[in-house]
Amino acid sequence: MNKILQSLKLTFLHGGYSKLNSEWDYDNVISPFSRLYLVTKGTAKMYHSYEEFDLESDHIYLVPSFTYSRFKCDDHLELYYIHFIEELGDRLSIYDVKDFRYDIEATDDHFSYFKNIIQLHPKRYLVDDDPKIYDNQKFLVETERKNDLLSAKSFIETQGLLQLLFASFVQNSKSSKLNIRSDFHEVLNYIKGHLHEQLTVADLAKYFNLSADHFSRVFQQKFGIRPSKYIQTIRIERSETLLLTTNNTLAEIAEKTGLGTVSYLSRMFKLKNGITPELFGKKDPEVNF
């Protein structure tokens, strides 16, 4: 495992300090990069990885890449933030091979790491907090290019500080997860990020220059499930998350998850859970934002 970890690469994107209010209210955020938040004042709620987090002062929070996220502040929140891309080996993600905590209590060292990174990159803050503004490929490419302009000292120091922060979240007590091929990691991320679009096995097979039949066989061998069934499962799981964490209508949820119509959403949902989406949404109302 340590041999694999030697190839870990962390690419700094953005960093700064934000004072947020009730306008910080974003749903269906699925970013190709990871986030670190160090809260200094106020409170807010965050949802990802099927967990709800109450953001509180002097805590650091990790949000993995390619993960459905929901953010909501009712009043006031202040935090340091850092966004970065993580790669392991041949574009594999470390989230596939290690388990992580997502909420830890901040130490004086953590505060120092955040401040030092931001001081190294004083112009890399976000002008707008809306993910729709900065969470796109063009913006990411332009941001990554700025790292080429760094001095060797600043580049190496940034890498070291990022690794110290990131290492704080690794669950050393758990065993490693299944190590999957990087190309399949990419297609899983693509599925999660494009659920609202039409996804066919034939389209996904193009990622590998394979026929749809061969792709389906390889996918099932690796994950024990047909790709079409996997897509359907992820869509239903996403609808469960949206029901519990948003006030979206069933029509909006059907559109966001690629299930198309309310009737089809309801039929597939009941087939998996044994109850309708309406009843599921009322099952645990206290988790709603």
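1. A definition to start us off: a charged patch here joins like charges within 9 Å, using residues with over 30% relative accessible area and no salt bridge. In this predicted model, Glu-56, Asp-58, Asp-103 and Glu-105 gather in such a patch, negatively charged and on the surface.

2. Glu-56 deserves a look of its own. This residue lies in the loop between strand S5 (51-55) and strand S6 (59-63). Its relative accessibility is 39%, so Glu-56 counts as partly exposed.

3. Next, the neighbouring hairpin. Strand S4 (residues 44-48) pairs with S5 in the antiparallel sense over five bridges, and Lys-45 stands opposite Asp-54 in S5. Two residues lie between the strands of this hairpin, where Ser-49 takes a positive phi near 55 degrees.

4. On to the charge pairs: the structure holds eight salt bridges. One of them joins the side chains of Asp-27 and Lys-256, at 3.1 Å from N to O. That pair links distant parts of the chain, with Asp-27 in strand S2 (residues 25-29) and Lys-256 in helix H10 (residues 250-256), 229 residues apart. Asp-27 is partly exposed at 22% relative accessibility, and Lys-256 is partly exposed at 23%.

5. Helices have a pair to check as well. Lys-272 forms a salt bridge with Glu-240, with the closest N and O atoms 2.9 Å apart; Lys-272 sits in helix H11 (residues 262-273) and Glu-240 in helix H9 (residues 227-245). Lys-272 is partly exposed at 42%, whereas Glu-240 counts as buried because its relative accessibility is 12%.

6. Finally, a network of salt bridges links Asp-25, Arg-70, Lys-72 and Asp-74. Within it, the closest N and O atoms of Asp-74 and Lys-72 are 3.8 Å apart, and Asp-74 is exposed at 63% relative accessibility.

Conventions:
Residues are numbered from 1 along each chain as its sequence is written. This is a predicted model: local features need pLDDT of at least 70, side-chain atom pairs count only at pLDDT 80 or more; totals for chains, interfaces and linings use all residues. Side-chain values use heavy atoms; hydrogens and water are left out. Patches are made of residues with over 30% relative accessible area and no salt bridge: like charges are joined within 9 Å, nonpolar side chains (Val, Leu, Ile, Met, Phe, Trp, Tyr) within 5 Å. Accessible areas come from the Shrake-Rupley method with a 1.4 Å probe; for residues, only the protein chains shown count as cover. A salt bridge is a side-chain nitrogen of Lys or Arg within 4 Å of a carboxyl oxygen of Asp or Glu. Lys and Arg count as positive and Asp and Glu as negative; His and the chain ends are not counted. The place of a charge is taken as NZ of Lys, CZ of Arg, CG of Asp or CD of Glu. Helices (H or I, at least four residues) and strands (E, at least two) are DSSP runs, numbered from the N terminus. Buried means under 20% relative accessible area, exposed over 50%, partly exposed in between (1.4 Å probe, protein chains only). Two strands pair if DSSP finds at least two bridges between them.
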